Structure formats: C-alpha cells, structure tokens
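Open the model in your viewer and keep the selection tool at hand. The stops below go from the whole chain to single residues.

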Amino acid sequence: MLCLGLSGGLDKVYENPLELGNTFLHDGAAVLVRNGRVIAAVEEERLNRIKHSNKFPSSSIQYCLSAAGVQLSDIDRIAFYATEAYSNAMLERLVISNPDVSIPLDAKLLLRKMLEQEFGTEVDASRVSFVSHHMAHAVSAFAMSGFDQSLIFAIDGGGDFLSGLLARGSGTEVTQVETFPESNSLGLFYLETIRYLGYGLFDEYKVMGLAPYGDPAPHRELFKQFYELSDNGRYRVHLDRIGPTLLRNIEVRRKGMPFTQQHRDVSASLQEALERIVFHILRHHRGATGMKRLCLAGGVAHNCTLNGKLLYSGLFEDIFVQPASHDAGCALGAALMISNEFGRPAPRERLQEVYWGPDLGSDRAVEQELNAWAGHLDVERSDNVARSAADWMANGAVIGWVQGRSEFGPRALGNRSILADPRPAANKDRINAMVKKREGYRPFAPSVLEEDAREFFDLPDGTHELPFMNFVVRVHRAKRDLLSAITHVDGTARLQTVLRKANPAYWELISEFKKRTGIPVLLNTSFNNNAEPIVDSVADAIATFLTTELDGLVVGPFLVKKRATTLKDWSSLAVSLPAYASLHRVRAYTARDRQETLCGIRVSSSSRGAVRISHDLFDLLMGIEGEALLGDLLEKTTFDQARREVLVKELRELWELRLVRVHPPYAARVHRDRDQMPDEA
C-alpha cells in the first residue's frame, strides 16, 4: 500500500504567497510510504530553493513518485498535515483579509484541484485525508523510535488551534493524553522573546546557540513573570506580558546590531525558562504514566540544548527525537498515520538513517554536470575520494562533501555537508565568516565514529548512538582544547555519531582522517550559505562552491577545485531569473529627501524589501527572456571591458544571494524548470 504524506502550502512557487500566518503553510515536504516503510522523502525547499518553503510541494511529490517508479494514480491514500476544519478556517481568514483572492473555501477541493493541475490526473475525494497536526508530529516520532511503549511530547508554535500534545504510544497505537492551547504555546513564547533580540521566525536555533554566552541570573525573576507552573504538570505562559516588560527592562536589539552582554543574558534566561517549563511537564507525566521512554517532536524538539539536559537528567531511560521534528516531519507522520489506519503500520525498528532524498545520479551524469563548468572548475576522478578528501582536510582545507541520497530534515548528516578539521579554533571563525556568512558566535557540530565517541564525549550510561545531531552533549574536559573548532563556549557540542552500516562512505572518510591525525572526528555543518537551503543536486553544490570560499568539493568520486576565471569564462555562462524573483523599478525618496528612480530585485516569498541593483544591471537583466548567455547580453551594451567586469561582479553578488541563476548553457532548461521538476542529474 502506497501512502503519500504532504505538508506545506496550497499555492505554487510562481504565484503570490498565501498569507495564512506563521502557524500554517511552511516547511513543505512530501513523504512516500510503502506498507509502513519510507521509500522517499524530501523537503520542497531543497528543490525550489526557497528556505522553509510555504508552497505546494509539487516538486517533492514528483520526486517521491519518480523514486518509486509510480504515478499519482497509483497512490492509495494522500494525507495532508492539518485537520480539514483548521485548513478551511485558514482559507476563510485569507479571503476575509484579501477580498480579491478567488479560491475555494473547501481545503479538500483546493488540494484535489492542485494535484490535478500539477499531475494531470483526477484525484477522487475518497483518496484524500486530513490529519491532526500534532498527532502527525507524535506518530512521526513514536513510529520511528523502535519503542514498544513511550510517553510522547509534541510541542511547537501552533497548528490546528493547538500548540502541542502529550500522548502515550503502545504497540502501533498512539493515544492522546493532553493538549495545549495556542495561548500556552512554548514555541510562541520563545519566538515572542527573540523578537527583542533582533531575531524572528525560524531564528530560534540562533538564540539557543547564543544562550551559553549569557548568565540567566540577572533576568531570572523578570522571566518568571512570563509563566506560571501549577500542579499536575500544568503551566501557563503570558505571551502578552513579554513585549511590554522587555521594552521597559532591556535595550532592544535591532537586526544587524551588535550583541551586548544583556542580550546574551536574556537568551540564557529564555533558554532556562523553556527548560524549566518542559521539565515540569515531563516530570509529572513520567510519574503519572510510569513510562520510562520519551519521544519528542514538533519545532521545539529541535532545541538540542533542552534535549541534552533531558538526556543527562536520567528522567527517562531512553529518548528518541524525530530528526525532522519541524512541520516537514508532519508529512512523515501523516503518511504513517494513514498507512497504519489501513493495516500497514511502521515496523517497530529504531530509525538509523534518513537518506531518503534525491540521489546524485550516475557517475557519468555527475561528470557531465561538472565538466560543463570547465572554465571554472578543475575536475579529477579518484579511486579513493575518502583518502584524498582526508588529505585535504588534514592539510587545512574546508570542503564540500556530496554523496548519495540527500538527508530528510534540517541537519546535514554526511551526504550534503561542509567538512573541516575539528581542531583549529580558526576553522570555526573562518567558516562562519567566509563560507556560511553568519554570526561569529554560532557553533559547529562534530561527527564522530560511533565506536570512538566515548573517548571524546561524555555520554550518559546506556547512550551509544546519537545519529541525528539532536542532542547537545559535554565534550570531555581533557579534549576541549584539542577539539576547539567544535567545542562551544560552555564545553558542549551537538553530536552526530556515525555508524558504518548507516553511512559507509562518510564512516570511511572519518576513518581516513583518523589515520592521518589520530582524531576520529570531523567538523560538520550543512552545505549551504546564509541565503539558501541545504544543497540537494550537483548543480546546487557547484553554485554554493563557486559563491563561497570553500577550498575543495567532493561530489561522488570526483575531486573538484576552482580555476582562476576571466571575463570570457563568465560570458560563456547563461543567466536566468528564478521563478520566485522579480525585477522592480520605482520612484522613491532618498536620504537626501529627493526623488530618484531605484532599481531592485525582490523575492516573492520573502518579507524583506527589494535588493538594490544598479540601473545598468537592471537593464541587462530586463533583456532576458527565459535565459540568455551573459556574453550576448553584454554585447548589446556599449560598455568597455572595465565596466563589463564591474557588472559581472555585481551579478555574481546577486548569484551569491540566489537572486539570479548562473549556469552553463546546456543546463538552462533544467534550471528554469527547477521549480516544477527536481533535478537529480
């Protein structure tokens, strides 16, 4: 039996976004399950290249169908990640706030129409189901945990008019124990606070990383005004008190401003408050249910510091955190719920890996893709890429590493990773500044051979494998100076243990690095820059490699280095606009209080304003119909070589922000159609 689970929005990538609020329509994904086993899964952002995509996951669905060798008509059941009543209410809210929008106020009908438009086949209403959002979270964790019984805690910002639930899992069934209203949302509690630290939605993990630099004591009593703990594990948060109180008591940080010690202390107080509330809830229900094991899911379950505290507490004998705990993971839960409903439950096995996304394709296809960039890349095939890549890193290189199928979820787990030597502290600073282009305080995770983990990390008794970077653990004090690049300021690290059976290629790479250095650990971070999701295809990897300061790239069996380029090399490439980007020219008042014509490029799915560009580049880009060779565009101008080089530099900066696409001519159609079909070449 084939069951397809979906999360995400109900509009297309090339349409205006539906503004349905922060509790709905983000983290689009598709997951295909056959008889309770996952056979394919990918987040829409990996394919349409829009972070946390709130779009209909058409490319993800197409990938899942292709991976299984089936058509949409072959799918037995399709499940959406929210209840029908909630989805209808969100559509009504949209129409009330946007009277000009013409859409059905029937979510099932709208979903069926979208599927029929995208895949050209009629979808009978009996094949479409809507499921409880938080139950989908809960099932996605319990069904993958391998536990016969456990307590399940699903917590996030909101969905289905709730912010979480507690449940009991037994056998193949999950039974609800208690729900939490949106007014008590721990996700919104965290989000509302970080707004005064210059952060917003999807930035929560950044504040988690900032918290260890602070002291919770100065603001502890202040934060106690924001929540109450009562008997039987109950709690209440006062979201309405947070803003007024913080405005009176702290210096509000605007985005881009430096952090003060006060901001660090507020981060620490927030983290402490969250941990206090969660422990209060779980202590009660651990005692009330007698459950010795715990499953976690929902966006708040990505708080790895909290998870680590629970692990060390001994409150539970074992804890499983669903690796895609955010809303994309609800696509997994929805598919598993429907499969179980029709007598095909997930097998009671512990999840070992999540390499469910698109494969790189054949070695020949990879080589063709790389060779198309001959003016920009030096490509060498290797009989042992692990050995060569280990040599590079042992000699100080920071590399991109792309192998096999991509990971499902927000963590790079050794198939779409940036890797480096974990020892020099300078590697952390260099990668933050020149590759990821993000805040310098942000930590990086270590990947360690599972058999060597206890030599370097303080793992609680009974804990042997932590394969998904879900837990922050302590680095042994004697190893902290040695592993400077991955040890956070508080002596911890967000650990991934690597099992040879789960990822032989990555295990082999770390082993080769160990042979050269004696260290069975690598610094591992997601292969992307600050403007894009994690890379998925070979084309994505090349684009990120060429727009960051990575030293080398390993794709399948190929070793790749950058070449020095000329204007002629750039002129031979094609340029196109992504489907989500558009050019704008407006009259506006400048800082000198006079009107000028301003040119810019804007992303339809982003709330940020247009990125300013020069008039010359605007005119150049306006000449593109579909795609065009950069050389042909330049030839239509009267600019001399110096001016052309300036324009190419500006274009490359836009490419770095993923506001334009630059690619070899042969790949132009592939890139232009990327939003409709995933590129697996």
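Predicted model: local features only at pLDDT ≥ 70, side-chain atom pairs only at ≥ 80, totals over all residues.

Switch to a surface view, where the chain exposes about 26,200 Å². Carbon and sulfur atoms supply 46% of that area.

Next, show the C-alpha trace. Along its principal axes the trace spans about 75 × 65 × 60 Å. In cartoon view, the secondary structure comes to 23 helices and 29 strands. Of the contacts between residues at least 6 apart in sequence, 71% join residues at least 24 apart.

Now select the charged side chains. There are 80 positive and 87 negative ones, and the centres of the two sets lie 3 Å apart.

Then turn to the nonpolar residues inside. In soluble globular proteins, nonpolar side chains tend to be buried together. The largest nonpolar core here holds 142 residues. Select Phe 153, Phe 189, Leu 282, Phe 457, Leu 509 and Leu 621, which touch the most other members. Helix α10, residues 261–289, gives the most to this core, with nine residues.

Zoom in on Phe 153. Which residues does Phe 153 touch, not counting those up to four places away in sequence? Among them are Leu 165, Leu 166, Phe 180, Val 278, Ile 281 and Leu 282, and also Leu 294, Cys 295, Leu 296 and Ala 297.

For the last stop, select Leu 25, Ala 29, Ala 40 and Cys 330, which are included in a second, separate core of 76 residues.

Note on methods: Residues numbered from 1 in each chain as written. Heavy atoms only, no water. Helix = DSSP H or I, 4+ residues; strand = E, 2+ residues; numbered from the N terminus. Contact = heavy atoms within 4.5 Å. Areas by Shrake-Rupley, 256 points an atom, 1.4 Å probe, with all protein chains shown as cover. Lys, Arg positive; Asp, Glu negative; His and termini not counted. Charge placed at Lys NZ, Arg CZ, Asp CG, Glu CD. Core = buried A, V, L, I, M, F, W, Y, C linked by side-chain atoms within 4.5 Å. Buried < 20%, exposed > 50% of the residue type's maximum accessible area, 1.4 Å probe, protein only.
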